[in-house]
Amino acid sequence: MSEVLQAIFEPWTQGIMQRALAEVGLLGLVGGALGCWILFYELSYSAESLAHALFPGLAVAALTGLPLLLGAGVGVVVAAVAVAVLGRAPEIGRDTSVAVVISALFGFGVVLALSPASPPGLQGLLFGDVLGVSNLDLLLAGALAVVVLVSLRLLHGQLLAVGFDRTTARSIGANPRLADIALLVLIGLATVVAVQGLGNLLVVAVLVGPAATARLLVRRMVPMMALATFLAFLAGVFGLYLSYYAGTAGGASVAGCMVVLYLVTLPLSALRRERRKLDAPGAGSPDLIPEATWSDLDV
Amino acid sequence: MENGKDNPYLAEVSGLSAGYAGRTVLRDIGFRVEAGSMVGVLGPNGGGKTTLFKVLLGELAPFEGSVSVGARCGVVPQTERSRIDYPVSVLDVALMGTLGRLPWWKRPGRVERRNALDALGEVGLRDLSDRQFGELSGGQRQRVLVARALVQDARLLLLDEPFSGLDGPSVKRLSLLLDRLSSEGRGLMVSIHDLEQVRDWDQVLCLNQRQVAFGKPSEVLTRPVIEVTYGTRVVMLGDGNSGRKTGILPAHHHDGEGRRGDV
Amino acid sequence: MYELVFGPFALPFAQRGLVEVLALSVGAGLLGTWIVLRGLAFYSHAVGMAAFPGLVLAGGLGFAAPIGAFLTAVIFAGGLERLSRGKKSGYDSLTALVLVGMVALGVILASDVFLSGSDIDTLLFGSLLAISSGDVVFAAVASAAAIAATFLFGRVWLAAGFDPESVRSLGVGSRFPDGVLLVLISLSITSALSAAGAVLVTALFVVPAATMRLFVRRMLSWQFGSVALVAVEGTLGLWLSVQTNAPPGATIAMLSGAVFVVAVVARRYTRTHAVYKKQSA
């Protein structure tokens, strides 16, 4: 028994792991809570695009020795502006324009990152370096996380009203424009926080995974946000244990656990819904695994 | 599927009920479409009009009842649903009607091109055959889609709200075209919201998840029928002086799919 | 002058890279138009990324890379297609998570199971200057398949994208042809992985076709133009990368992106200029 306890507590005696744990906690707070809104507003594609497109910012930061957080911040702004400016050609469609911007920016980032002048560590940029965060990084990330959480708290009513029914939102005093911009900015901030630990190819795991899992289990928004945060932390801790004992890459393990948690919850919740369906008929296509529909939400 | 010419009915439906997994959208539907007749299909959005069309086209199998469609059936969708950003000319769209009749590896040849141009001529757009589809006005695009159905040689045409979004003159032009098509012996089922227009047609079918009425406009277009069909009270407005009264239906919401406006 | 332009291509590895680019250009340009037309940019990106763990597996277990890539790409794509039927853009949380899960799996396989972590860069970003003749043959075959399939199914693909709900009523089933299109895209993308890598491969397929679409209004000219543009951008990017010692796949991606930006700006300028001219006339 004491061996098991020993195994449980041992990793956290090391500074690296303690900081990684703090990082995972921040990821959970930010990704879990914001993730619920990302799902509600169907912004997963935008979130992933932003994450990919900020890569050159990271590369420039690595090249010039500036903090990664700063590079990520600038990268996000550039990416958002690029999508806004170039995304309007009608013959092409928005998704395609976004894909064009991402691949061009990514290409640029790779040229920078693989150039001889650049320090090695490309994989850290791509997949995160959750075991390599410094105290300063944590402090900055923590500050950003506080900003995100406070904003979510203040905007909760607006976001709820606009997300629920955009067309009538104005009539009850909500502002769709504000909600959209605020969400995109917050996603940008959250991505900047999360990119350190998970890298920009894996960041979407924390932005979407825990929230999607929570959505399978819970129907009301605030409990969903709380549950998502908890699940994110849980999966993150699991990932860190895996990394510690199996020696697997840190960021990938954390991201992998978040995905696995979702995949495991998916069939279980589908089973529960099937049983509930027999009592109350509802619409749904037979060949799609049913995801929670927002009409069930008591918001 | 093709009956002999001696069957006067292009489509016969009785006891039909249909829907999607776990949900019945239509029940107790029964009507017949004669050759050369125009049938207006009235009803609120979500009331089953699109589902009915899908059943008639053979895309959706009914839960119960019988459906017999004795002629080739062509559908003319709303122009808003087709892509105006597509790199296709007006002629290209009309030629799409030949898809079902040519094997894959055959390109449309001179015969097919002539048919398509003739069909465009019938709808009054032969001169525009070389233009980009997206450059045309809403009314013109709608007529190109009618031409596509004509190229298919469809004797029964299903038109899904063809008048929505069109201005007055376009409505008139389309209306004349449809009259001419039906006088050539084709059958037309047109879903529509304008009660005024429907009064001149041959039959009216009122749907609101079930069949409320089917018959001649003069018999069907009564206040109680309309109220049941649309689920709202008809508001009677008096015309101050002459004492005449006009009934209006409160506006209905389009479903949240967000229609693209006419460009 | 001659030395400047043709110098890089005197090197044998550059020559093979050039042949590869040209072999890929037909498939990439042609399928690129279908990808842009039918809104399949995300699907193509996902197929490329999903191939990553397959490539790692192939490298680690010692079987041919294209097989590993194609297998995982097809499994993922097939599942994605089934699950995304009925959704607007085919993108939802399940898709996003499966995709990132596969990337994470690839990373763990590469860095901790097969200890091939150093290969990750080439798998993700390609190695156009280390192409084998087998890669070139694969690319040529994929391009030929693209031509054949376009000839056979092009009209159905066009009609299905134009008006998906009425296609059945036109008398053709679009299920099978659309399935062929998706498999063909998987095949072509797989053939381009060795050149551009899992992450950048969409740059070859989507960006040139999107650029061409800004100027061209008919299918046939769009298709020819896209193929030409891929060839030109690929060649120029390859030349640049040899001259500057930059990674070739990324250089091509960057170049095609720059061309796109120039195209958008140029078009907007000529548009407003034309309107202004009309107003002042």
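This is a predicted model: local features need pLDDT of at least 70, side-chain atom pairs count only at pLDDT 80 or more; totals for chains, interfaces and linings use all residues.
Start where chain C meets chain A. The contact draws 55 residues from chain C and 52 residues from chain A. Together the two chains bury about 4300 Å², and 74% of that lies on carbon and sulfur atoms. Charge pairing is absent here: the count between chain C and chain A is zero salt bridges. Polar contact is found for two residue pairs, both partners at pLDDT 80 or more. On the chain C side, the elements that each supply at least two residues are α3 (41-61), α4 (65-84), α5 (93-113), α6 (120-125), α8 (175-213) and α10 (248-280). Of these, α5(C) gives the most, with 14 residues. By class, the side of chain C that touches chain A holds 34 nonpolar, 10 polar and 11 charged residues.

Now turn to chain B and chain C. Here 35 residues of chain B are in contact with 26 residues of chain C. The buried area is about 2800 Å², with 55% of it on carbon and sulfur atoms. Two salt bridges cross this interface. One of them joins B:R148 to C:D163, with the closest N and O atoms 2.9 Å apart. On the chain B side, β5 (73-76), α2 (90-95) and α4 (138-151) are the elements that give two or more residues. The residues of that side divide into 17 nonpolar, eight polar and 10 charged.

Next, look inside chain B. Three of its strands form an open sheet in the order β2-β1-β4, and the pairing is antiparallel. The edges belong to β2 (23-34) and β4 (64-69). Each has a single partner strand, so one side of each is left without a neighbour in the sheet. From one strand to the next, the twist averages 20°. In general, strands of a sheet pair through backbone hydrogen bonds, either parallel or antiparallel.

Take one pairing in detail. Strand β1 (residues 9-20) of chain B and β4(B) are antiparallel, paired over five bridges. For a point of reference, find B:A11: B:V69 of β4(B) stands opposite.

Helix α1 (residues 49-57) lies across β1, β2 and β4 of chain B. Relative to β1(B), helix α1 of chain B runs at about 120°.

Methods: Residues are numbered from 1 along each chain as its sequence is written. Chains are lettered from A and ligands numbered from 1 in the order in which they are written. Side-chain values use heavy atoms; hydrogens and water are left out. Contact means heavy atoms within 4.5 Å. Buried area is the accessible area (1.4 Å probe) that two parts lose on being put together, summed over both. A salt bridge is a side-chain nitrogen of Lys or Arg within 4 Å of a carboxyl oxygen of Asp or Glu. Helices (H or I, at least four residues) and strands (E, at least two) are DSSP runs, numbered from the N terminus. Ala, Val, Leu, Ile, Met, Phe, Trp, Tyr, Cys and Pro count as nonpolar, Asp, Glu, Lys and Arg as charged, and the others, Gly among them, as polar. Two strands pair if DSSP finds at least two bridges between them. Axes are lines fitted to C-alpha atoms, for helices over the stretch in contact, and angles run from 0 to 180 degrees between N-to-C directions. A polar contact is a pair of N or O atoms within 3.5 Å; within protein, one must be able to donate a hydrogen and the other to accept it, and residues adjacent in sequence count only if both atoms are side-chain atoms.
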